[in-house]
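Here are some notes to read with the model open beside you. They move from one residue to the wider picture and back again.

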Amino acid sequence: MTTHGFNPGKETLLDIYRRAALLLANDVRARKVISSGQIAMVYYSYRGQEIIPASFCAALRDDDYLCTIYRGIHDMLAKGFPLDLLWAELAGRATGSCKGKGGPMHLTYPPKGVMVTTGVVGSSMPIANGLAWAAQVAKTDQVAVATFGDGASNIGAFHEALNLAAVWKLPAIFVCQNNGFAEHTVYAKGTSAREIADRANGYGIPGVRVDGNDPVAMYAAAKEAVDRARAGDGPTLIEAVTFRFMGHVFGDADTYIPKDMKQAAVAADPAPRFRQKLLDDGVATEQELAALEADIERQIDEAVAFALASPWPEADDLRFDVFAEEIMV
Amino acid sequence: MSELATPAAAQAAKPVTSTILAALNKALTDAFEADPKMLALGEDLADPEEGGIVGVTKGLSTRFGDDRVRSTPISEQAIIGAAIGASLVGYKPVAEIMLMNFTTVAMDMIVNHAAKLRFMSGGQTSVPIVIRTMTGLGYGSGGQHCDYLEAWFAHTAGIKVVAASTPQDAYGLLRSAIDDPDPVLFIENITSYRTPMPGPLPDADHRVPLGKAAVQREGSDVTLISYARLAGESREAAKLAEEKGLSVEMIDLRTIAPWDRETVLPSARKTGRVLIVHEAVKQFGVGAEIAAVINEELFGALKKPVRRLGGAYSPVPYSNPLERAYAPDRQRILDALVELAG
């Protein structure tokens, strides 16, 4: 399996697939759990975009930083966010990673570098710069990754952040997951640039457009950007082209997505396609992959069960974590 | 001065004064000296750019290096975002937003992120940043350079709001704001930086705790509450009131959010008459919150309704007579004190 002559090797390919399979299974489960009424939450499905974080996270270390967005559970799971803490947070329980105070749009888990999840379009980028600045000052070789959608390349934060990252030569990687729709609005109706990667030219930094559904191409682009950042050679903008199978928010009618466009994308579902390729190329056997997937299902079963059995937060918890000291009035 | 006076005698005769500008510069320098995790960033902040447009950060980049002290592009979201990010992993950034009106273009970073990340992460992360910003009337800068916008931030849970009116408080509050584990908005008044005020610059261990007001004058007839530049005007008005036989208890809040109920409420109970003064627009201002709490807690003890003086319900005007008409001054504070006491 090669792209542009690049072969990440069997171990990395399996690592990417393990992450992608987890993301896919978790999204399917999330929609099932919501539909069954077990957990009520606002959910932004990432279905169809799994390969992007599965690949770029394979190029990162635990101590690299990630700032992601409301459609970002795939990013953080790929980065190593523990399933039990994730599901308990989704369920709003006291045992969640954020004690039920953050929810699906603000999931945080610093031990794996998941530093910020924002519900505001574009806001992952200026904060990732600060994490990159810290790494630069401390002279570690950590990198900071900000993920965001195509719509976010039209908000001021994107431009301010890319410019500052370029001027300061920060070890930052901006991963735009171009899924073709900014909420309900199709790409060309809201974005003037022919390609989002072109926007990097305006800031004098490398801009790479890559098929985000191709794990090898995606991993290669991420690896190059990570190597550049670790070497002190500054930021990269990666435009990972993909497609969002679901509407903007789970439950919306998604009438704005042309049917044929969606059918074509679903027919080329990237994670199952990658699975088939692994089998075809002899990288893994059906038995190995089935075992891996069964293990993922079991882990999700356990995490959901843990979440649903967990206690709710107490009303008094509102006085804590506003500041370091408790609120008295 | 007599020609015979020795330099030492001349020195002794001259009252010791200092400025808020020097106090802020010393506070930052001392904090950088004490903590290698200190960072600073903002427009024109480093020495090649003159150490800030007022010079508050002068000397820092030369002394502590370009890595830690950085001039930025004119990109307020990027400035606050970078401060937040660095603070999440143990650094202590002091970000300068040149003018308070420019916080409006970074509101998402300040209000949605700096103020909320500790809570939304369930305490896993915190944002120990200081945002220094200046504002205030007096230079005829018109509608977009002088607003006091503290009420917007005081209304947001998760960020503290501070304003000093003396060099000693400026030093002590800035050091405490830097020490604080949560974000602090530190408001500086544009016309007060270079005014000589009584007393020397504090030593490096001087701190003024956040959330603690200062009773700057004790009295029994009226409680006068203010902060920032108008705390200075209020001190003068209280002196003038004393000449008219009025005993005024003057409180400088120093920390606007969270404000010091433990100092304000007993004073209001004692005098039964309260005047609150600020430069910000009166409507929906900090004075409204304080007045409401005084009414809730002390209704039966009040001799008069709580009185407020604030900026006009208009954008800050340009023309000098209009600008002077906009905000309370010494005379209007005095008039209100006399009226309340009558």
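1. Let's begin with a glycine. In this predicted model, A:Gly100 touches A:Glu89, A:Gly92, A:Arg93, A:Ala94 and A:Pro313, leaving aside residues up to four places away in sequence. A:Gly100 sits in the loop between helix H4 (83-90) and S2 of chain A. The C-alpha atoms of A:Gly100 and A:Glu89 are 5.2 Å apart, although eleven residues separate them along the chain. Is A:Gly100 buried or exposed? A:Gly100 has 22 other C-beta atoms within 10 Å, and the cut-off for a buried residue is 20 or more, so A:Gly100 counts as buried.

2. With 13 other C-beta atoms within 10 Å, A:Glu302 is partly exposed. Its C-alpha atom is separated by 35 Å from that of A:Asn7, a residue 295 places away along the chain.

3. Next, the contact between the chains. Chain A contributes 33 residues and chain B contributes 35 residues. On the chain A side, strand S2 (114-118), helix H5 (124-138) and helix H6 (156-167) are the elements that give two or more residues. H5(A) gives the most, with nine residues. By class, the chain A side holds 19 nonpolar, ten polar and four charged residues.

4. Helix H5 (residues 107-114) of chain B is worth a look from the other chain. Its buried residues are B:Asp108, B:Met109, B:Ile110, B:His113 and B:Ala114. What covers these buried residues? The cover includes S2 and H5 of chain A, along with helix H4 (76-88), helix H6 (117-120) and strand S5 (130-135) of chain B.

5. As general background, nonpolar side chains tend to be buried together in soluble globular proteins.

6. The contact between them takes 24 residues from domain 1 and 24 residues from domain 2. On the domain 1 side, helix H7 (150-154), strand S6 (160-163), helix H8 (167-179) and strand S7 (184-189) of chain B each give at least two residues. That side divides into twelve nonpolar, eight polar and four charged residues.

7. Two of those elements also belong to a sheet. Seven strands of chain B form an open sheet with mixed pairing, in the order S3-S2-S4-S5-S7-S6-S12. Which strands lie at the edges? They are strand S3 (69-72) and strand S12 (255-257) of chain B, each pairing on one side only. Ignoring direction, neighbouring strands of this sheet are turned by 20° against each other on average. S6(B) and S7(B) run parallel and are joined by four bridges. B:Ala163 has B:Ile187 in S7(B) as its bridge partner.

8. Strand S10 (residues 222-226) of chain B has five of its five residues buried, so S10(B) is largely enclosed by the rest of the structure. B:Val222, B:Leu224 and B:Ser226 point one way, while B:Thr223 and B:Ile225 point the other way. S10(B) pairs in the parallel sense with strand S11 (residues 248-252) of chain B over five bridges, and B:Val222 stands opposite B:Val248.

9. Finally, some backbone details to check. B:Ala257 and B:Pro258 are joined by a cis peptide bond, with omega about -5°; B:Pro258 lies in the loop between S12 and helix H10 (261-271) of chain B. Positive phi values in residues other than glycine occur at A:Lys139, near 60°, and at B:Arg254, near 65°. A:Lys139 is in the loop between H5 and strand S3 (144-149) of chain A, and is exposed, with 8 other C-beta atoms within 10 Å. B:Arg254 is in the loop between S11 and S12 of chain B, and is buried, with 29 other C-beta atoms within 10 Å.

Conventions. Residues are numbered from 1 along each chain as its sequence is written. Chains are lettered from A and ligands numbered from 1 in the order in which they are written. This is a predicted model: local features need pLDDT of at least 70, side-chain atom pairs count only at pLDDT 80 or more; totals for chains, interfaces and linings use all residues. Two residues are in contact if their C-beta atoms, placed from the backbone, lie within 7 Å. Ala, Val, Leu, Ile, Met, Phe, Trp, Tyr, Cys and Pro count as nonpolar, Asp, Glu, Lys and Arg as charged, and the others, Gly among them, as polar. Two strands pair if DSSP finds at least two bridges between them. Axes are lines fitted to C-alpha atoms, for helices over the stretch in contact, and angles run from 0 to 180 degrees between N-to-C directions. A residue is buried if 20 or more other C-beta atoms lie within 10 Å of its own, exposed if 12 or fewer, and partly exposed in between; C-beta atoms are placed from the backbone.
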